[in-house]
Structures are given as C-alpha cells and as structure tokens.
Amino acid sequence: MNSAAFDPTATAHGRDDDVPLHTLKVLVAGGFGVGKTTLVSAVSEVRPLRTEEVLTDASVGVDHLGGVEGKTTTTVAMDFGRLTFSGGVRLYLFGTPGQERFWFMWDQIAYGAVGAIVLVDTRRLSTSFAAIDFFEQRGLPFVIAANRFEGARRYTVEEIRDALDVDPEVPVMMCDVRSREVARGVLVALVEHALHASRN
C-alpha cells in the first residue's frame, strides 16, 4: 500500500458507493474480557457485527473469569467492524474470541490480515501471552495496547514492554478503548507499523 494514500488525520464515513483505493484486514486480539468487542464497537462506522453469548453454568471450570468476575457475555466467533479514512483506505476489523476453547478459529480469522492489535489488561498480563506468541510465530506485525481499567494499578509503557518481553520495535501504548478517538489512534499506529514492517 502506498503510504501517501493513508491520511491518519481524518476519517471519512464511507458511503456504500465510495470505493476505497485500499482495503486492509486488521485483527483485534487478546485474552478474555480485555475490551476487544468494546474497541470494535467504539470505532466502527457501521453497526458492528457481534457474536456475543451469555455465559452459562456450562462454562464454569472451562472459562477462567479471574479478574473479570462481573462479565456476563463472551464472543464465540468474532466481532466485525469497518473504518474508512480519507484518502481511500478502509480497514475491516475482526475481533477474535478470547477464550482458549475458541482459539482453533484464529488461523482462519487471521488469514489475509496485515496486522493486529493485542489488547492487554495490566491486571492479567498472562492472558495476553497466547496472542503475542501467535503473531510472533507467524511474523504478523502487531502493536500492544494496554486498556486502562478503573482501579487498576498504573504502569509505564516500558514496564509493560518488559513484562510482556516483546521486541523493541513493537509499539506499546496505553489506551481507553471506550473512546473512539483513542481506539482510532491505536489503529493508525498499527497501520503505520505494518507499513514500516512491509518495507523491511
């Protein structure tokens, strides 16, 4: 993709008759309850597709709810949203399921993606290791976005980088995925990182 066509300063709410010059598939990954569905919903210019189901007694002992005991739903397939930037770049966002029992779907969802956002919860960093390993093993560019949860201890970017043991070139940032502008900024950072990685 020609980086000159990517204008991160503006978002065009694309009409159906607007044909984008470039379409990019982006993944939003991470552990259970880190905010993937919230990010896709916050930034999508179209009504997002969600595949959330209510947690039932059948998930007891299967899904690990440590740190997110109040969560009542879970993504069982994927989330989907869309964001169009002025200049003709359109992102298709695919949120992956977070629970281990749905990880078999990741390879199919990741097919054709240019990069990924790995959302992390600093209270439960270990839930992010599987996503990081997945993208590292496949050589897919990714950025780390630490979602700020109320009441969670604050860490610096370098502390998070060290704890996750990611390479120095992997962007690490703090975010609040409930904010459209913040979530959009994370997507811009990912696209720029993927463009840079494609040149090397």
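# Salt bridges, surface charge and buried positions

D107 is partly exposed, with a relative accessible area of 45%, where "buried" stands for under 20% relative accessible area, "exposed" for over 50%, and "partly exposed" for what lies in between, using a 1.4 Å probe and protein chains only. The model is a predicted one, in which local features need pLDDT of at least 70 and side-chain atom pairs count only at pLDDT 80 or more, while totals for chains, interfaces and linings use all residues. Residues are numbered from 1 along each chain as its sequence is written, and side-chain values rest on heavy atoms, with hydrogens and water left out.

**The chain as a whole**

- The protein chain contains five helices and eight strands, which are DSSP runs (helices: H or I, at least four residues; strands: E, at least two) numbered from the N terminus.
- Read from the N terminus on, these elements follow one another as β-α-β-β-β-β-α-β-α-β-α-β-α.
- Of the 200 residues in the protein chain, 49% are buried.
- A contact is counted when heavy atoms lie within 4.5 Å, and among the contacts between residues at least 6 apart in sequence, 75% join residues at least 24 apart.
- The accessible surface of the protein chain is about 9,900 Å², and carbon and sulfur atoms account for 52% of it; accessible areas come from the Shrake-Rupley method with a 1.4 Å probe, and for residues only the protein chains shown count as cover.

**Salt bridges**

- Side chains of opposite charge can pair when their charged atoms come close.
- A salt bridge is defined here as a side-chain nitrogen of Lys or Arg within 4 Å of a carboxyl oxygen of Asp or Glu, and by this rule the count comes to eight salt bridges.
- One of them joins D107 to R138, with the closest N and O atoms 3.0 Å apart. Because D107 lies in helix α2 (residues 106–110) and R138 in helix α3, this pair ties together parts that are 31 residues apart in sequence.
- R138 counts as partly exposed, since its relative accessibility is 41%.
- Another salt bridge brings together the side chains of E150 and R178, at 3.7 Å from N to O. It links distant parts of the chain, 28 residues apart, with E150 in the loop between β7 (142–147) and α4 and R178 in the loop between β8 and α5 (180–199).
- E150 is exposed at 69% relative accessibility, and R178 is exposed with a relative accessible area of 53%.
- R178 also meets the side chain of D176 in a salt bridge, at 2.8 Å from N to O, and D176 is partly exposed, with a relative accessible area of 22%.
- D121, R123 and R124 are connected in a network of salt bridges.

**A patch of negative charge**

- D133, E136, E159, D162, D165, D167 and E169 gather on the surface in a patch of negative charge. Such a patch is made of residues with over 30% relative accessible area and no salt bridge, and like charges are joined within 9 Å.
- Helices α3 (129–138) and α4 (157–164) each supply at least two residues of the negative patch.
- D165, one of the patch residues, sits in the loop between α4 and β8 (172–175), and it counts as exposed because its relative accessibility is 64%.
- D165 is not a glycine, and yet it has a positive phi of about 55°.
- Most residues other than glycine have a negative phi.

**Two buried residues**

- S128 lies in the loop between β6 (115–121) and α3, and it is buried, with a relative accessible area of 0%.
- If neighbours within four places in sequence are left aside, S128 is in contact with V118, L119, V120 and D121.
- A183 is placed in helix α5 and is buried, with a relative accessible area of 1%.
- With neighbours within four places in sequence left aside, A183 is in contact with L39, V43 and V177. The C-alpha atoms of A183 and V43 are separated by 6.3 Å, although the two residues are 140 residues apart along the chain.

Key. Patches are made of residues with over 30% relative accessible area and no salt bridge: like charges are joined within 9 Å, nonpolar side chains (Val, Leu, Ile, Met, Phe, Trp, Tyr) within 5 Å. Lys and Arg count as positive and Asp and Glu as negative; His and the chain ends are not counted. The place of a charge is taken as NZ of Lys, CZ of Arg, CG of Asp or CD of Glu.
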